[in-house]
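Please look over the sequence and the model before reading on.

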Amino acid sequence: MKKKFKFSTLLKYFALIILFVYIISPFLWLLIMSVSSSAELTLKPLRWIPEKIDFSAFKELLVMGLNTRGELFLYALRNSLVTAMTTVLLSMLVTIPAAWVFSRYSGKKNVILSLAIFTFMLPPVAYCIPLYKLLVRFDLMDKSLALAFVYCTFVLPFCVWLIKSSIDAIPYELEEAAVIDGAGFLQRIIQIVMPLLLPALGTVALMSLIMAWDEYFYAMLFTNSKAAITLPVVIANLASGRQSNYNLIAAGGVLASAPPVIIGMLFQKALIKGLVSGGVKE
Amino acid sequence: MSYKQIKGSYSFLTIPMILIMGMVIGWPLIQTFIFSFTDADLLGITKPGFTGLNNFLDAFQNRGFLNSLKVSGIFAVVVVSVEVILGTSVALLLNQPLIGSKVVRVFLILPWAVPTIVNAIMWRLIYNPEYGALNSLLYQLGFIDKYISWLSSADKALWAIIFADIWKNFSLVTLIVLASLQSLPESQVEAAKIDGANSWQRFFYITMPHIIPSLQVAMVLRIIEAVKVFDIIYVMTKGGPANKTRTGSIFIYQEAFTNSRIGAGSSFAIIMVAFIILLILVYMRTLSQQKR
């Protein structure tokens, strides 16, 4: 009995080590590639640890210069940030009041809520053609603000779904008590609902930021220059070119991963809690 | 003060959201529907003509389209089932009191947080036929004596992409299931132990029922993503080789934006939407039957 116990524990540790290697190794290799020289990455077979750490790829991407890779990359970095933040701001601004109504007044209006959640499941190819024609017609191609509005197609349904279920968790009696005490509508929302909702809103905002940061399809279709192009598009273009600067591609990947990975590691618990609590109740 | 007064009427607060949704979701969806009955082209060179159901009839004869739906289906089924099984197993493992499992848990978020496009280019570099890490590793370990071009061989490309997608997305399932496992009251497990339930019985009668609602959430999220997959495949293979990795979304994109046939492309999109609606209905049906 005792021996068997030990053997199964050994197996578990073995599995744990394999799991760790599986999770870490692809990204670790990306990191190593990003600090290798491009000559080292074209050896056959590969050398796994670079002779000396070489930051030239990062330098090429992060130093500004007229019509250089660095210029495009830095603009894309800015555009990705601007687009993602505008999307989140816009979505939160319109979904918080709507979600409050959906939560407090169930009934016919919840058809709209179901419809919103339903559209979350549809593929972007179902919208992209008319959106493309619309943007061309009104001269909105290659503009971050227009892209942010397009991103609302998937961020809005997500926000309204999660925020509504977070408001559901706030007892309505608290609001009633405030109204009886003479609180006006704005007071009731700002003093009672918002403070209790704030942690959930933080989670939703972070998740939406990551979603918008991640987006590729619409950005590829609707942007084409440094005016609005986003990081995923720049990186995909970098990788699809017939060139062998693998360290450069890897460095781009590392830089684009840094914000979501850092956010994820810092706020892991909150992110998962938000996702689970929103979903399980539906 | 009556209850009515407390409630008031605040429906107008939903108007901004409805306006934006109407603009970026509702209106385009209706347009796609209308386009699907025409022979419209992307640039609007010729005036679009009404073609009735022709696009739809053609769609079901179109080998390329039907094949792309098949590829989407294979991708979604394999990816979601592996991710659910692997993700749940990993969650159960990490829920054990093992030294070091906390460290692994911190890194678990890494694959999920890496952007889809970065994941795609990362694996593209790893699969590179000449200088990729996979070939080099397998060669140095003596598993292969010749480098393999993973992404350009017709029988391997889709599986290589599936492997890459699983790496990124199994961790979402793990994270969700793990959160649920941690909310399982210790007392329940203890009580079962005292009643003489062995570890398998404890797993099937206590742990499983507890994690199933969370698992369903994870599954729905993954199915939604997998059925409409575009990004990872487009960046890794653009749908090739020999269209073996061309999914429904990629086919529709090419039809509309490469071949400039937005009428036909729209009808394919509408068919795909219909399939997704069907999928949701079947899913909700099974859910409500389970509850009964």
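The model is predicted: local features need pLDDT of at least 70, side-chain atom pairs count only at pLDDT 80 or more, and totals for chains, interfaces and linings use all residues. Residues are numbered from 1 along each chain as its sequence is written, while chains are lettered from A and ligands numbered from 1 in the order in which they are written.

**Contact between the chains.** Chain B places 74 residues in contact with 72 residues of chain A (two residues are in contact if their C-beta atoms, placed from the backbone, lie within 7 Å). On the side of chain B that touches chain A, helix H2 (residues 15-35) of chain B gives the most, with 13 residues; helices are DSSP runs of H or I of at least four residues, strands are E runs of at least two, and both are numbered from the N terminus. That side of chain B has 56 nonpolar, 15 polar and three charged residues. Here Ala, Val, Leu, Ile, Met, Phe, Trp, Tyr, Cys and Pro count as nonpolar, Asp, Glu, Lys and Arg as charged, and the others, Gly among them, as polar.

Helix H6 (residues 144-168) of chain A has 25 residues. H6(A) is largely enclosed by the rest of the structure, because 22 of its 25 residues are buried (a residue is buried if 20 or more other C-beta atoms lie within 10 Å of its own, exposed if 12 or fewer, and partly exposed in between, with C-beta atoms placed from the backbone). The largest nonpolar core has 158 residues, of which A:Val160, A:Ile235, B:Ile121 and B:Ile176 touch the most other members; such a core is a set of buried Ala, Val, Leu, Ile, Met, Phe, Trp, Tyr and Cys residues joined through C-beta atoms within 7 Å. H6(A) supplies the largest share of this core, 16 residues. Beyond its neighbours within four places in sequence, B:Ile176 is in contact with residues including A:Ile272, A:Leu275 and B:Val217.

**Annotated spans.** An unreviewed UniProt entry lists residues 69-283 of chain B as "domain: ABC transmembrane type-1". In chain A, the UniProt annotation "transmembrane region" (unreviewed entry) covers spans including residues 12-32 and 216-239. UniProt positions follow the numbering used here, feature names are shortened, and annotations may be inferred rather than shown by experiment.

| Span | Helix | Strand | Distance between end C-alpha atoms |
|---|---|---|---|
| Chain B, residues 69-283 | 74% helix | 0% strand | 19 Å |
| Chain A, residues 12-32 | 100% helix | 0% strand | 29 Å |
| Chain A, residues 216-239 | 62% helix | 0% strand | 14 Å |

Note on methods:
Expected span 1.5 Å × (residues − 1).
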